[in-house]
Amino acid sequence: MHSRCSIVLAAAWLLFSPLAAAEKCEPPRIGLALGSGGAGGLAHIAMLAVFEELEMEPAAVSGTSIGAIVGALYAAGLESSEIQDLFREFGDSALNPFSGLLEDGDSPGWSDLVDFDLANASFIDSDGFIDFIASRFDARSFADLDTPLAVVATDYWSGEAHVFREGDLLQAIKASMAVPGMFPPVPFEDKLLIDGGASNPLPLDLLQGFDVVVAIDVTGSRRAERDGKPDITDLLFSAFEIMQQSILREKAEHARPDIYIKPELAGIRLLHFDRVDRIVAEAGDAAKALRDELAALPVCR
């Protein structure tokens, strides 16, 4: 009898001891949603840097358009600094995609990365850009990624979101970033795919089942006293941005993230990919807010 009691007491001590509790402790599983928003989406880099600083890794990432690009680079194993370097290299040639810049040197000129493609209902053929980013990582399918990734595009015919979770990674990125009028739509099976921002600009709803959902909204904002009179390009793409914000307001009534971050980026427009360092710096306040939110999460679940 005494022996049996000793065994029970020993088992209870092991079960409830601090060591046992530490062994059972697991950090919360975080799902990270990276939204669309043109060059403003380079602010996503600052958010990834926060995760690295806190030594926290999202369990899964979902992304739309620029969010899909940055998300894919991260899921393929690139660190935030490497992603920033990539866009810094690309940036000098991306200030104005309609100017046909020609530059010498190591950095690729815009004319090396894009081709005018009016025959395919767009100004620019995106293959050059896809080849450029593809040269920076080895993954070619979703199965090759270090982190599970969901990429959103939009079926032009139905208007419904199409979510890639497997198959050709580069094709998914190309479809997700196919801004109407700028990049050509991407045929896929019986669909014709365009930018995912037309249907799901901030895909937090794809992260159900996670302990914490973090959503980064980079759809931007417009202020008359700050931006001045818009030109035709601004009007075209701001109209698309307004549509995305309307979608987000409606979705917010049904799905809310646990942590919502919206960087304030003064004067950044759709095509300002030459300003990656400025964008990352301006996202500093938003990055601090994210850091505070993540640091406040419970250590165990």
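Residues are numbered from 1 along each chain as its sequence is written, and side-chain values use heavy atoms, with hydrogens and water left out. Since the model is predicted, local features need pLDDT of at least 70 and side-chain atom pairs count only at pLDDT 80 or more, while totals for chains, interfaces and linings use all residues.

**The disulfide**

A disulfide is a covalent bond between the sulfur atoms of two cysteines, and here the term is applied to a pair of cysteine sulfur atoms within 2.5 Å. The structure holds 1 disulfide, which joins Cys25 to Cys300 with an S to S distance of 1.6 Å. The angle about the S-S bond is -95°, and the link of Cys25 and Cys300 is left-handed. Cys25 lies in the loop between helix 2 (18–24) and strand 1 (30–34), whereas Cys300 lies in the segment after helix 12, so the pair ties together parts that are 275 residues apart in sequence. Helices (H or I, at least four residues) and strands (E, at least two) are DSSP runs, numbered from the N terminus.

For the table, buried means under 20% relative accessible area, exposed means over 50%, and partly exposed lies in between (1.4 Å probe, protein chains only).

| Cysteine | Relative accessible area | Class |
|---|---|---|
| Cys25 | 25% | partly exposed |
| Cys300 | 37% | partly exposed |

Strand 7 (residues 212–216) is mostly covered, as 5 of its 5 residues are buried. Val212, Val214 and Ile216 point one way from the strand, Val213 and Ala215 point the other way, and all are buried. Two strands pair if DSSP finds at least two bridges between them. Strand 1 pairs with strand 7 in the parallel sense over 5 bridges, and Leu32 stands opposite Val214 of strand 7. Strand 7 also runs parallel to strand 8 (residues 259–261), to which 3 bridges join it, and there the bridge partner of Val214 is Ile259.

**Helix 3 and helix 12**

Two packed helices are described by the angle between their axes and the distance between the axes. Axes are lines fitted to C-alpha atoms, for helices over the stretch in contact, and angles run from 0 to 180 degrees between N-to-C directions. The axes of helix 3 (residues 44–53) and helix 12 (residues 284–295) come within 9 Å and cross at roughly 35°. Contact, meaning heavy atoms within 4.5 Å, is made by residues including Met47 and Phe51 of helix 3 and Leu290 and Leu294 of helix 12.
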